[in-house]
Every structure is written in C-alpha cells, then in structure tokens.
Amino acid sequence: MSPIKIATWLAVAISIIAAFVQIPYAALVLVVLGLAAGSQWSRDDSVRVIVTAMFLVTVTALDAVPQIGTQLGAILGNVGQVAAGASIALIARNIWARLS
C-alpha cells in the first residue's frame with residue numbers, strides 16, 4: 001500500500017473519529033493529510049477535488065436529520081477539510097507548472 005493511500009485512509013479514519021471524540025488539532029492534521037494526498041494526485045482530478053471540497057465544507061443542512069444528522073454533518077465537514085487541503089496542493093502545483 002502506497003504512503004498516499006495510507007494518508008488518505010488515515011484522514012478518513014480521523015474524520016470519522018473526530019465527529020464523535022474531541023481530537024486536538026484535528027483540523028490541522030486533516031488539512032496536512034489532504035495536502036500530502038493532493039500533492040500526488042493527478043492534475044486530471046483537480047476540478048473534481050475542488051468542487052468536492054467546496055460542497056463538503058458547506059454541508060450544514062444535515063443537522064436537521066434526527067439522531068445522526070449532527071455526526072454525519074461533522075464527518076462530511078471533516079472530509080471536506082481533507083479535500084480542501086488536497087485542493088490547495090493541486091492548485092499550487094498547477095500554478096507552479098504554469099510558472100515554470
């Protein structure tokens with residue numbers, strides 16, 4: 001298993017756990033894992049990752065769902081932080097490629 005797949009699975013696990021348990025600096029860890037994963041993803045995935053990040057970060061309507069809505073919204077928000085980190089890496093890599 002490649003280090004990027006490990007980082008991605010670790011980010012998903014932290015996203016789920018952080019929805020139920022308070023983890024110090026969880027947001028920072030998720031963004032850093034997203035940066036690591038995004039730096040290795042192909043440029044063809046750029047638009048898909050950026051749109052996913054924009055959608056997942058703004059998901060708030062799930063709080064209205066009884067019993068599980070708050071946790072589900074937190075999980076998707078955490079995954080959105082990972083996607084935001086990956087988006088930053090992809091955007092920076094595309095800018096670097098255009099400048100060089």
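Helices and strands here are runs assigned by DSSP, numbered from the N terminus; a helix run has at least four residues and a strand run at least two. With that in hand, read the chain from its N terminus: the elements run α-α-α-α. That makes 4 helices and 0 strands. Keep in mind that this is a predicted model. Its C-alpha atoms fill a box of roughly 50 × 25 × 25 Å, taken along the principal axes.

Start with helix α4, which spans residues 69–99. Two other helices can be followed against it. Take α2 first, residues 26–38. The axes of α2 and α4 come within 7 Å and cross at roughly 40 degrees. How do the two helices lie to each other? Angles under 35 degrees count as roughly parallel, and perpendicular begins at 65. The α2 and α4 helices are therefore oblique to each other. Their crossing is right-handed.

Now look at the side of α2 that meets α4. Ala27, Leu30, Val31, Gly34, Leu35 and Gly38 are the α2 residues in this contact. On α4, the partners include Asn78, Gln81, Val82, Gly85 and Ala86. Further along α4, Ile88, Ala89, Leu90 and Arg93 also take part. By class, this contact has 9 nonpolar, 5 polar and 1 charged residues.

Next comes α1, residues 3–18. The axes of α1 and α4 come within 8 Å. They cross at roughly 145 degrees. This crossing, too, is right-handed. From α1, the residues in contact are Ala11, Ser15, Ile16 and Ala18. They meet Ile75, Asn78, Val79 and Val82 of α4. The classes here are 6 nonpolar, 2 polar and no charged residues. Compare the lists and you will find Asn78 and Val82 of α4 in the contact with α1 and again in the contact with α2.

Finally, turn to the open space. Which helices each supply at least two residues to the lining of the largest pocket? They are α1, α3 (46–57) and α4. The largest pocket holds about 180 Å³ of space. Its lining includes Thr8, Ala11, Val12 and Ser15. Ala37, Trp41, Val49 and Thr52 line it as well. Val79, Val82, Ala83 and Ala86 complete the list. By class, the lining has 9 nonpolar, 3 polar and no charged residues.

Technical notes
Residues are numbered from 1 along each chain as its sequence is written. This is a predicted model: local features need pLDDT of at least 70, side-chain atom pairs count only at pLDDT 80 or more; totals for chains, interfaces and linings use all residues. Side-chain values use heavy atoms; hydrogens and water are left out. Axes are lines fitted to C-alpha atoms, for helices over the stretch in contact, and angles run from 0 to 180 degrees between N-to-C directions. A crossing is left-handed if the near helix is turned anticlockwise from the far one by less than a right angle, and right-handed if clockwise. Contact means heavy atoms within 4.5 Å. Ala, Val, Leu, Ile, Met, Phe, Trp, Tyr, Cys and Pro count as nonpolar, Asp, Glu, Lys and Arg as charged, and the others, Gly among them, as polar. On a 1 Å grid over the protein atoms alone, a cavity is a set of points where a 1.4 Å probe fits but cannot get out, and a pocket is an open set with protein on both sides within 12 Å along at least five of seven lines; lining residues have an atom within 4 Å of a point. Grid points are joined across faces, edges and corners, and a volume is the space filled by probe spheres set on the points. Angles under 35 degrees count as roughly parallel, over 145 as roughly antiparallel, 65 to 115 as roughly perpendicular and the rest as oblique.
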